[in-house]
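Please examine the fold below, beginning with the packing of its helices and ending with its overall dimensions.

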Amino acid sequence: MSAISASEKPHMQQVDLNTLNLQQLTQLKNQLDQELTVFQESLQTLKMARVKYSGSKEALEQFKPDWNEKQILVPLTGSMYVPGTIKDADNVIIDIGTGYYVENDLESAKNFFKRRVDFVQEQMEKIEVLGMEKSKIRDAIREVMEIKLLQFEKELQKKREGATN
């Protein structure tokens, strides 16, 4: 329990936490805290991307084949819309990222957003697994730190008692 290893990464080696001093343990714990913060931020970013892709897919699900020449409101910002007309309900232009847009038929566009949602979900699950592993390691480090602190306090107490006698 007081040894950590990364079995999935062959370049990392197993470390016995009991052999590390408090300063090394603190540095390792701080590093893990930073990594966990990055994981949390990444998860938040991926959740926002998933919501965006899901919203796009759901919007496409609402399209009807008889919507040609239908009047709609086109969002320019989150709170500003302009009137527009659907010219071809079977073809849409989608944002595929980094400022690139592609014209697709409706089914291909739905499939694109489904694949994106699935991909983002997979990445989130990978990060969650890594985060749980890092959390377990951090918890093990905390336990060893607590044990070492208790030992240190006992040694100090013994020295105080020996000095007063």
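The buried residues of α1 (buried means under 20% relative accessible area, with a 1.4 Å probe and protein chains only) pack against β5 (91-97) and α2 (106-164). Contact here means heavy atoms within 4.5 Å, and helices (H or I, at least four residues) and strands (E, at least two) are DSSP runs, numbered from the N terminus. The residues of α1 that are buried are L25, K29, L32, L36, F39, L43, L46, Y53 and L60.

The model is predicted: local features need pLDDT of at least 70, side-chain atom pairs count only at pLDDT 80 or more, and totals for chains, interfaces and linings use all residues. Residues are numbered from 1 along each chain as its sequence is written, and side-chain values use heavy atoms, with hydrogens and water left out.

Helix α1 covers residues 22-61, 40 residues in total. From first C-alpha to last it reaches 57 Å, close to the expected 58 Å, a span defined as 1.5 Å times one less than the number of residues. At the start of α1, the backbone nitrogen of Q23 lies within 3.1 Å of a side-chain oxygen of N21.

Along the sequence, the elements follow the pattern β-β-α-β-β-β-β-α, giving 2 helices and 6 strands. Among contacts between residues at least 6 apart in sequence, 52% join residues at least 24 apart.

The C-alpha atoms fill a box of roughly 95 × 35 × 25 Å along the principal axes. The radius of gyration, taken over C-alpha atoms, is 28 Å, whereas a compact globule of 165 residues would have a value near 15 Å; the globule rule is 2.2 Å times the number of residues to the power 0.38. Buried residues make up 21% of the 165.

Terms used:
Buried means under 20% relative accessible area, exposed over 50%, partly exposed in between (1.4 Å probe, protein chains only). A polar contact is a pair of N or O atoms within 3.5 Å; within protein, one must be able to donate a hydrogen and the other to accept it, and residues adjacent in sequence count only if both atoms are side-chain atoms.
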